[in-house]
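This report looks at one helix and its surroundings. Please view the structure below before reading on.

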Amino acid sequence: MKIITLLFSLAIAISCAAQLQKYIPPKPGFPRLYNDENAYAYYHSTWRRIEDKLIWHHKKTGNQIVIAVIPTTGGYPINELATATFRNWGIGDKKANTGLLVVIARKEKQISIETGYGIEGQVTDLASAEIIRNIIKPGLDSFHFLMIPRHPTQGYLPTIDKLSDTLIALTAK
């Protein structure tokens, strides 16, 4: 009976993991900024400027910062989705473990910041909570977060820009 229960539990766990995979965003060629469906943002000068800052920071420090804006978590806990995305995308240096991922789910207005062990001292849980509370949440709560960014002061780009500056300052060596 214990074996049947164990096998049933294992089957459920595998099924849940397979379902979670549907909500992990596809790995981009060069993870820095990921936007799920708003193609216009990729051609926006502010978007390119933010990406350039993240590239420069990665080259200078070896710390890779990735910000992913996704439509939904699909009902899964945001932390599980962020951890799975962090591992799936292979963010940060493998040896030094210096990656940082911010996942923002627009529909649920949920946020998770995942850090590699190499930068946990720089971006602590307390610092992550303050970033979420003081930078990301106000942007999520505004109507502008749902807008398509057609101007540098519209949409969610100002929030992402401020977030990237804050993370770069925290992870600079």
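## Isoleucine 160

Which residues does isoleucine 160 touch, not counting residues up to four places away in sequence? They are Leu33, Ile50, Ile67, Val69 and Ile104, where contact means heavy atoms within 4.5 Å.

The model is predicted: local features need pLDDT of at least 70, side-chain atom pairs count only at pLDDT 80 or more, and totals for chains, interfaces and linings use all residues. Residues are numbered from 1 along each chain as its sequence is written, and side-chain values use heavy atoms, with hydrogens and water left out.

## Helix α6

Helix α6 covers residues 157-171; helices (H or I, at least four residues) and strands (E, at least two) are DSSP runs, numbered from the N terminus. Among its buried residues are Leu157, Ile160, Leu163 and Leu167; buried means under 20% relative accessible area, with a 1.4 Å probe and protein chains only. The cover over the buried residues of α6 includes β1 (33-35), α3 (45-61), β2 (64-70), β3 (99-105) and α5 (125-141).

## Packing against α3

The axes of α3 and α6, lines fitted to C-alpha atoms over the stretch in contact, are 10 Å apart, at an angle of about 10°. The angle is taken between N-to-C directions, from 0 to 180 degrees. That makes α3 roughly parallel to α6, a term for angles under 35 degrees. On the α6 side, the contact includes Ile160 and Asp161; on the α3 side, Ile50 and Lys53.

## The core

The largest nonpolar core has 25 residues. Such a core is a set of buried Ala, Val, Leu, Ile, Met, Phe, Trp, Tyr and Cys residues joined through side-chain atoms within 4.5 Å. Ile160 and Leu163 are among those with the most contacts inside the core.

Methods. Expected span 1.5 Å × (residues − 1). Buried < 20%, exposed > 50% of the residue type's maximum accessible area, 1.4 Å probe, protein only. Parallel < 35°, antiparallel > 145°, perpendicular 65-115°, else oblique.
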